[in-house]
Amino acid sequence: MEAPLHGTEPDQAQASLKAIRTLLEASADLEIRDIVLPCVDHSSIQDKVAQVYMTALALLEDVIQKFSCQDFKSADMLTAMEPALDAIVSKLGDNQARLREKAVDALASPSYCRVIGARQIAAKVMHSLDKKRPPHNKWRPLATRLELLRRLAREYGLNRGVASENGLHALDLGSVIGFVEIHGCASHTFEEVRTAAKDLIVEMFIAASESDRLQALEPFLHKIRPRHAEEYRNALTRG
């Protein structure tokens with residue numbers, strides 16, 4: 001079932017997608033699982049042909065929607081989807097803006113899935129970038145990750161420490177701040193990264209409690225340049 005996804009003709013790709021969607025519908029109704037995730041070939045997501053990439057992402061979203069309500073264990077689902085998710089994460093640094101945007105949308109989709117959740121997706125996105133800061137001319141992997149984290153934080157909220165009742169969904173506040181600090185986002189050479197970092201931090205702390213501001217925001221601001229810290233404070237004041 002994987003080979004047709006590599007067709008470069010739009011009609012062929014759409015015909016393949018329609019056929020596999022029919023198969024997914026039937027397998028979901030019959031609770032047949034072993035054919036589902038192998039349909040999402042990570043090599044299709046990594047394909048350099050945009051049509052193949054888009055078709056693979058559309059299929060992945062179908063898989064998630066069809067099977068998110070079934071009783072998959074979180075660990076099993078994550079293991080099965082890991083190659084596909086890793087392939088999508090690698091697209092966050094693509095030179096083409098449209099492909100980066102599609103990758104963000106595709107990673108936001110499994111965040112709704114009960115057995116995956118935004119917290120797991122955020123962790124994968126943050127941990128997939130080497131702690132050694134990427135070369136400054138490679139700003140896209142950082143900026144796009146920050147934009148995705150902002151989207152997830154806005155939609156699912158944040159908490160401190162271990163997952164609470166909204167468990168798999170709320171992002172860990174300390175982990176997000178740590179990501180921004182480790183990669184020097186607040187003082188990055190490229191404005192795109194600095195702006196994305198500021199937008200993320202400001203949006204997080206506008207919704208944060210006074211306690212979280214004192215415990216997490218002020219220490220962060222003391223670590224960055226005074227000029228940048230002042231910009232953050234002004235943005236928070238404006239709300």
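Gln96 counts as partly exposed because its relative accessibility is 44%; buried means under 20% relative accessible area, exposed over 50%, and partly exposed in between, with a 1.4 Å probe and protein chains only. Gln96 sits in the loop between H4 and H5. In these names, helices (H or I, at least four residues) and strands (E, at least two) are DSSP runs, numbered from the N terminus. Between Gln96 and Arg140 there are 9.9 Å in space, C-alpha to C-alpha, and 44 residues in sequence.

A word on the source. This is a predicted model, in which local features need pLDDT of at least 70 and side-chain atom pairs count only at pLDDT 80 or more, while totals for chains, interfaces and linings use all residues. Residues are numbered from 1 along each chain as its sequence is written, and side-chain values use heavy atoms, with hydrogens and water left out.

Back to the loop. Asp94 lies in the loop between helix H4 (74-90) and helix H5 (97-108). Asp94 counts as buried because its relative accessibility is 18%. Not counting residues up to four places away in sequence, Asp94 touches Leu99, Arg100 and Arg140, where contact means heavy atoms within 4.5 Å.

Lys91 is in the loop between H4 and H5 as well. Is Lys91 buried or exposed? Lys91 is buried, because its relative accessibility is 9%. Leaving out residues up to four places away in sequence, the contacts of Lys91 include Ile45, Gln46, Asp47 and Tyr53. The charged end of Lys91 sits over the ring of Tyr53, 4.9 Å from its centre; the criterion is NZ of Lys or CZ of Arg within 6 Å of the ring centre and within 35 degrees of the ring normal.

Next, the helix after this loop. H5 and H7 pack at an angle of about 35 degrees, and their axes are 10 Å apart. Axes here are lines fitted to C-alpha atoms, for helices over the stretch in contact, and angles run from 0 to 180 degrees between N-to-C directions. Residues of H5 including Arg100, Val104 and Leu107 take part in the meeting with H7, where Arg140, Thr144 and Leu148 are among the partners.

Now the aromatic residues. The structure holds two aromatic pairs. One of them joins Trp139 and Phe190, and it is stacked, at 6.1 Å centre to centre and 25 degrees between the planes. Rings of Phe, Tyr and Trp (its six-membered ring) pair if their centres lie within 6.5 Å, and planes under 30 degrees apart count as stacked, over 60 as edge-to-face and the rest as tilted. This pair links distant parts of the chain, 51 residues apart: Trp139 is in the loop between helix H6 (117-127) and helix H7 (140-156), and Phe190 is in the loop between helix H8 (173-182) and helix H9 (191-206). Trp139 counts as buried because its relative accessibility is 16%, while Phe190, at 26%, counts as partly exposed.

On H8, the buried residues are Leu173, Val176, Ile177, Gly178, Phe179 and Val180. Their cover includes H6, H7, H9 and helix H10 (210-223). Just after H8, Gly184 takes a positive phi of about 55 degrees.

Last, the whole chain. Its secondary structure comes to eleven helices and two strands. Of its 239 residues, 48% are buried.
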